[in-house]
Amino acid sequence: MLRVGVMVSGGGTNLQAILDAIDSGAIRGASIEAVISNNPGAYALERAKSRGIEAVCLSPKSFESREQFNEALLAKTDEYNLDLIVLAGFLVTIPEAMIQKYRNRIINIHPSLIPSFCGVGYYGLKVHEAALKRGVKLTGATVHYVDEGVDSGPIILQKAVEVLPGDTPEILQRRVMEEAEWKILPEAIDMIANGRTV
């Protein structure tokens, strides 16, 4: 059984997609052991608690320095003996020590077709605003391994989504979630749990 930890900062819609996929059997051989958030108000923590999953908040604001927070985040993560860490809208830079310790065991979902609209400063609605401003006809989402760069690790899965006339950043964000993110993130976890990735 693949022991999975999910890190989130907000509502946890991708977390919900993972939970639903485990329930339906779309993800086989994986269980969520913990949900960690940097935001005490994250609804994702409530989603976890309602399922009996340990929900933990570690806020950088509670520590005197970023180094102390990074050490605490790694120590807390280590407690769960995780096989895979899933970043599902986690708006915190992963400490280098964690990336090294969990090499090729951390994955992230990004709301664009990398290498477009990714890297420093591209997150949340900013990605969709940039896509609309550029006038692209296709956007989408990417699941990738996390390395020391920003959105630069090896790609596992991508799914394209059409940009439609009249799209606002909010409408496009919702379509990318529904048509891409909520499908390929569970699929990537299932692939990893069942040895179907490199």
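Predicted model: local features only at pLDDT ≥ 70, side-chain atom pairs only at ≥ 80, totals over all residues.
Me: Nice. Which helices and strands each supply at least two residues of the lining?
Reply: You'll find α1 (13–24), α4 (96–101), β5 (106–110) and α6 (169–193) there, with at least two lining residues from each.

Me: Let's switch to the strands. Is β2 mostly covered or mostly open?
Reply: Mostly covered. Strand β2 spans residues 30–37, and six of its eight residues are buried.

Me: How many bridges join β1 to β2?
Reply: Seven, and the two strands run parallel, with β1 covering residues 2–8. If you want a pair to look at, find Gly5, which stands opposite Ala34 in β2.

Me: What about β2 and β3, in which sense do they pair?
Reply: Also parallel: β2 and β3 (residues 54–57) pair over four bridges. Here Ile36 has Val56 in β3 as its bridge partner.

Me: Last one: what do β1, α1 and β2 make?
Reply: A right-handed β-α-β unit. Another right-handed β-α-β unit is made by β2, helix α2 (residues 43–50) and β3. As for α1, that helix also supplies at least two residues of the pocket lining.

How values were computed
Residues numbered from 1 in each chain as written. Heavy atoms only, no water. Buried < 20%, exposed > 50% of the residue type's maximum accessible area, 1.4 Å probe, protein only. Pairing = 2+ DSSP bridges. Right-handed = clockwise from strand over helix to strand, strands pointing away.
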